[in-house]
Every structure is written in structure tokens, then in C-alpha cells.
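This report examines selected side-chain contacts in one protein chain. Please keep the sequence and the structure in view while reading.

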Amino acid sequence: MFEMSFWPVFSRAQVRSFHERGFLVFDPGIKQPDIDAIIKRTCELYEPSEISSQGQGGYKHGTRLTDVHYGIAAARRIATAPKVLRGLKQLFGRTALPFQTLNFPTGTEQMAHSDTIHFNSMPSGYMAGVWVALEDIDEDNGPLVYYPGSHKLPEYRMQDFGLRSSYDDYWLYEQGIERLVQKHDLQPEYGLIKKGQAIIWHANLLHGGAAQRDNSRSRHSQVTHYFFEAAVIIRQ
């Protein structure tokens, strides 16, 4: 359904960098009208109870919308942007299939984690995320934080830390991941990118949200998660 005529998006050096570091910053070719439209429409969807009179750019911390691409055409166009789908096929050798979108008005400040704790693929390794900046991202409005090379670590489940498969234990999983970061001396990098740019990351890359230093600002973004042709998605 999403098959595109193939034309390479990335250089050989970029492909090598992705497989070595687990992420890649690029221009996905998102059109300005779609960026404007998705911000306008998602802002209309936040419930009044989610809006705070102070801080976080006018939005309560933790606000997010899931799967608005079902009702908002601009979100679907971002998720299925031809350059994104071609780039993913180049990196993974299979047709990419978007299965979830997340939209955020502010930084998440989420602790480091791997997407494989939430959903995975069979065979393993055929899932990816693409994070599109809908406005300029800098050190103050809560950039994405990621740990280069961490995708090469084993895929850790709750059970690997001696935990129950329960959201009640999720904070203990986060502590386990933090210990891994320290053990392997993983160094963070930050997604300081411009409006319209994007970051592709491998599903097992450790990533999260950096602190939002300026709570008066917004940090609009859209994340799309993809699995790939001939793979089965597994929700954990």
C-alpha cells in the first residue's frame, strides 16, 4: 500500500553511520502547510483539563495525542512522506509500514528507554521511529536525547531486570536502563534540529526527553513508529 519507487535518500556514509550509531538526522521533505496544519489541528484536540495557565507552553506536562493520523490528513502525510519511506527502505531493505503516531506540544522529559520495551518485531530488528520537529528545537525547549551505539546492546525486557510485566514496575525498568548507561559509559547526544528536520532511530536505541529548561515554550513534534514488510509487530 505504501510502496514507493526506489531512489536512494542517503549516501553510503550516512547508511554506515546509521548502522553504527543507531540514528540519523535528515530532511524528510515535509511541506510547510502540513506542519502548520498539524500544529493547528492538534492544539484544537487537547482537552481543557490538559491546558495549564502556567508553564509548558500553556500545556500540562505529559500531554500527548496518539494516532491522530486516522483523522488528520496532515499527520498521515507526515507519516507517509515519500522521502521517509524511501529512506527507511534503504536502511532496512524492506518496505516500511507506519503503525502509530504520537504528537506532542512540549518536551516529554521521559527517562531513557528502548522502544522494544513497548512493542517489538518478529524477526527482531525490523522496527524504527521517525521524530519530526514541527518547530526549532534547542537546549531550552526539551530536545530528544539519545545514546549513540546503544542499539547494539541486548533487547532488555522487564523480566531481564527481575521485574513484573506491569506498568507499576516501569520506573524500576527506567532505573535498570540508567544503570546500563553508566555501566557502558554511554554518552548522550541531543536532537538540536531545525523545524522540518527529522531523526530516524533504530527501535533498540536508548532515548528519552531532555529537561525542558524554559517551561514557557512549546516543542511541537510528531513521532511515527514503523515496522517492516514480512515482519510481525508484537506489543509488549
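Arg-21 has a relative accessible area of 29%, so the residue counts as partly exposed. In this predicted model, the side chain of Arg-21 meets that of Glu-189 in a salt bridge, with 2.8 Å from N to O. The two partners belong to distant parts of the chain: Arg-21 is in helix α1, whereas Glu-189 is in strand β7, which covers residues 189-190. They stand 168 residues apart. Glu-189 is likewise partly exposed, because its relative accessible area is 29%, a value between the limits of 20% for buried and 50% for exposed.

## Further salt bridges

The structure holds 9 salt bridges in total. One of them joins the side chains of Asp-138 and Arg-217 at 3.0 Å, N to O. This pair also links distant parts of the chain, 79 residues apart. Asp-138 is in the loop between β5 (127-133) and β6 (144-146), and Arg-217 is in the loop between β9 and β10 (221-228). Asp-138 has a relative accessibility of 24% and therefore counts as partly exposed. For Arg-217 the value is 24%, so this residue counts as partly exposed too.

Another salt bridge brings together the side chains of Arg-157 and Asp-160, with an N to O distance of 3.7 Å. Arg-157 is partly exposed, with 44% relative accessible area, and Asp-160 is partly exposed at 39%. Elsewhere, Lys-40, Arg-41 and Glu-44 are linked in a network of salt bridges.

## Aromatic pairs

How many aromatic pairs does a search of the whole structure find? The search finds 11. Phe-18 and Phe-92 form one that is edge-to-face, with 5.7 Å from centre to centre and 70 degrees between the planes. Phe-18 lies in helix α1 (residues 12-21) and Phe-92 in helix α4 (residues 82-92), so the pair ties together parts that are 74 residues apart in sequence. Both Phe-18 and Phe-92 are buried.

A further pair is made by Phe-99 and Phe-119, whose ring centres are 5.2 Å apart. Their planes stand at 90 degrees, and the pair is therefore edge-to-face, since angles over 60 degrees count as such. Phe-99 belongs to strand β3 (residues 96-104) and Phe-119 to strand β4 (residues 119-122), so this pair ties together parts 20 residues apart in sequence. Phe-99 counts as buried because its relative accessibility is 10%. Phe-119 is buried as well, with a relative accessible area of 6%.

Ring pairs also link Tyr-156, Phe-161, Tyr-167, Tyr-170 and Tyr-173 into a cluster. An aromatic ring can meet a charge too: the charged end of Arg-94 sits over the ring of Tyr-126, 3.8 Å from the ring centre.

Strand β11 spans residues 232-235 and contains Ile-233. Is Ile-233 buried or partly exposed? Its relative accessibility is 25%, so Ile-233 counts as partly exposed. Leaving aside neighbours within four places in sequence, Ile-233 is in contact with Phe-99, Phe-119, Asn-120, Met-127 and Phe-227. The contacts thus include both rings of the edge-to-face pair formed by Phe-99 and Phe-119. Ile-233 and Ser-121 are 112 residues apart in sequence, yet their C-alpha atoms are 4.5 Å apart in space.

Val-232 is also found in strand β11. With a relative accessible area of 46%, Val-232 is partly exposed. Together with Met-122 and Ile-234, Val-232 forms a nonpolar patch on the surface, and the three have about 260 Å² of accessible area together.

## A buried loop residue

Ala-203 lies in the loop between β8 (198-202) and β9 (207-209). This residue is buried, because its relative accessible area is 4%, under the limit of 20%. Not counting residues up to four places away in sequence, Ala-203 touches Ser-114, Asp-115, Thr-116, Met-127 and Ala-128. The C-alpha atoms of Ala-203 and Ser-124 are separated by 9.5 Å, and the two residues are 79 residues apart along the chain.

Technical notes. Residues numbered from 1 in each chain as written. Predicted model: local features only at pLDDT ≥ 70, side-chain atom pairs only at ≥ 80, totals over all residues. Heavy atoms only, no water. Helix = DSSP H or I, 4+ residues; strand = E, 2+ residues; numbered from the N terminus. Buried < 20%, exposed > 50% of the residue type's maximum accessible area, 1.4 Å probe, protein only. Contact = heavy atoms within 4.5 Å. Patch = residues over 30% accessible without salt bridge, like charges linked within 9 Å, V, L, I, M, F, W, Y side chains within 5 Å. Areas by Shrake-Rupley, 256 points an atom, 1.4 Å probe, with all protein chains shown as cover. Salt bridge = Lys/Arg side-chain N within 4 Å of Asp/Glu carboxyl O. Phe/Tyr/Trp six-rings, centres within 6.5 Å; stacked < 30°, edge-to-face > 60°. Lys NZ or Arg CZ within 6 Å of the ring centre and 35° of its normal.
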